[in-house]
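Colleague: I have the sequence and the model open. Can you take me through what the coordinates say?

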Amino acid sequence: MEHFLSLFVRSIFVDNMIFAFFLGMCSYLAVSKNVKTAFGLGIAVTFVLVVTVPVDYLLQTKVLAEDGILGIDLTYLSFILFIAVIAGITQLVEMVVERFSPSLYAALGIFLPLIAVNCAIMGASLFMQQRISMDPATSTQAISNVWDSIAYALGSGIGWMLAIVSLAAIREKMAYTNVPKPLQGLGITFITVGLMAMAFMCFSGLSI
Amino acid sequence: MSKLFSKENRAVFSAPLNLDNPIAVQVLGICSALAVTSQMQPAIVMGLSVAVITAFSNLIISLIRKTIPNRIRIIVQLVVVAALVTIVSMVLKAFAYDVSVQLSVYVGLIITNCILMGRLEAFAMMNGPWESFLDGLGNGLGYALVLVVVGTVRELLGNGSLLGFQVIPQSFYDMGYMNNGMMTMPAMALILLGCVIWVHRAYNEKKEKK
């Protein structure tokens, strides 16, 4: 239980998807102009993460690994299989959102199908693949069962949402400031994210 | 032969290197651009891998573009890209193991690199194989260029070395010069990239005015 909690908190603050690994930057920069849309996208990304990472975990350990049901080492197929799972589940989420919440569907627009190529989702699956081999007794990052993978996915999703909502809030205020012309838009956004990442670095000394 | 290197084709290749740079202007593929640039060597390897993958995925998609049904094109594109990335990742593991360990998950993340999907959708689905190949190569090299610039600055100021060789002499350190540890941190990558974009835009704006 303790390991479960520390994995969760660690993936929100210390191993934050945006500030520590720069994953999901494209939609992070594109959708962070308005807090409401940013929040909606954050929820959608968290949901897709919580579904795909455990599915990929089970595929990796039960099917692709050498001691899985097929009995042969198929780990070289993991890239293709992971991206297929992600694309399939994103399609499913899109259909569900369209059916039950047409207003959110309209607000997210093109960015909903684009979750499939969001690096944060694929990145979480690949980090999970790396962490399977770690020893849970010595490392708080280890993922040794399916519950750990759910905690990791939920934490990463919430961390990503935290990052995009706070950047959107800053950018809403920044619209009124006087920025040098060549630096406007993308340049100043990068520098802002850099300063935010510096602030998040103070969590890296945290021992949980 | 002259047709292969006509003026239009040269423009297709050279525009992404400067005026239409995928990172500085089109804002594609930032995700992996930042994480691998703490030193020059991984930045070069990553840039070249992306250039190879964009060139060949553009070529393959452009060859089969007329047979792909429109509804499932994203899946087809993803499968082609994923297959190419798997090959590159295996080649890296076999011939440059140290670098592939350093790059860790970011090689796999080339699949979700926006440059690939962006170029496939915007160029390869509509143009012939040779132009698509040049476009992919140009965009990949434009990406590599930014990566190498950021990697050079970070390695020089952060470790005082280039490609692992010490370039700042010991006498400097004796006089009290110190490496800037901040540069090796992820936060500085973002700020440096912001500055690269700033310089790039300011320079191109001046050129347009003339």
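This is a predicted model: local features need pLDDT of at least 70, side-chain atom pairs count only at pLDDT 80 or more; totals for chains, interfaces and linings use all residues.

Colleague: How many helices and strands does chain B have?
Modeller: Helices (H or I, at least four residues) and strands (E, at least two) are DSSP runs, numbered from the N terminus. Along the sequence, chain B reads α-α-α-α-α-α-α-α-β-β-α-α. The count for chain B is 10 helices and 2 strands.

Colleague: What share of the residues in chain B is buried?
Modeller: Buried means under 20% relative accessible area, exposed over 50%, and partly exposed in between (1.4 Å probe, protein chains only). The C-alpha trace of chain B spans about 65 × 50 × 35 Å along its principal axes. Of the 210 residues in chain B, the buried share is 48%.

Colleague: What share of the accessible surface of chain B belongs to carbon and sulfur atoms?
Modeller: Accessible areas come from the Shrake-Rupley method with a 1.4 Å probe; for residues, only the protein chains shown count as cover. Chain B has about 10,200 Å² of accessible surface, and the part belonging to carbon and sulfur atoms is 68%.

Colleague: How many salt bridges are there over all chains?
Modeller: Side chains of opposite charge can pair when their charged atoms come close. Here a salt bridge is a side-chain nitrogen of Lys or Arg within 4 Å of a carboxyl oxygen of Asp or Glu. A search of the whole structure gives 3.

Colleague: Which residues are linked with Asp15(A) in a network of salt bridges?
Modeller: Asp15(A) pairs with Arg10(A), with the closest N and O atoms 3.4 Å apart. Asp15(A) also pairs with Arg131(A), at 3.0 Å. Asp15(A) is buried at 8% relative accessibility, and Arg131(A) is buried at 4%. The residues in the network with Asp15(A) are Arg10(A) and Arg131(A).

Colleague: How many residues apart in sequence are the parts that Asp15(A) and Arg131(A) tie together?
Modeller: The two again form a salt bridge. Asp15(A) is in the loop between helix 1 (2-13) and helix 2 (25-30) of chain A, while Arg131(A) is in helix 6 of chain A, so the parts tied together are 116 residues apart.

Colleague: Which helices of chain B does the pair Arg119(B) and Asp135(B) tie together?
Modeller: Their side chains meet in a salt bridge of 3.1 Å, N to O. Arg119(B) is buried at 12% relative accessibility, and Asp135(B) at 3%. Arg119(B) lies in residues 114-124 and Asp135(B) in residues 129-159, so the pair ties together helix 7 and helix 8.

Colleague: Is helix 7 of chain B mostly covered or mostly uncovered, and how many of its residues are buried?
Modeller: The buried residues include Cys114(B), Leu116(B), Arg119(B) and Phe123(B). Helix 7 of chain B is mostly covered, and the buried count out of 11 residues is 8.

Colleague: Which residues of chain A does Thr86(B) contact?
Modeller: Thr86(B) is in helix 4 of chain B. Thr86(B) is buried, at 10% relative accessible area. Contact means heavy atoms within 4.5 Å. Leaving aside neighbours within four places in sequence, Thr86(B) is in contact with Tyr76(A), Phe79(A) and Ile80(A).

Colleague: Where is Thr189(A), and is it buried or exposed?
Modeller: Thr189(A) belongs to helix 8 (residues 186-200) of chain A. Not counting residues up to four places away, Thr189(A) touches Leu29(A), Leu167(A) and Arg171(A). With a relative accessible area of 2%, Thr189(A) is buried.

Colleague: Is Leu63(B) buried or exposed?
Modeller: Leu63(B) sits in helix 3 (residues 40-64) of chain B. At 58% relative accessibility, Leu63(B) is exposed.

Conventions: Residues are numbered from 1 along each chain as its sequence is written. Chains are lettered from A and ligands numbered from 1 in the order in which they are written. Side-chain values use heavy atoms; hydrogens and water are left out.
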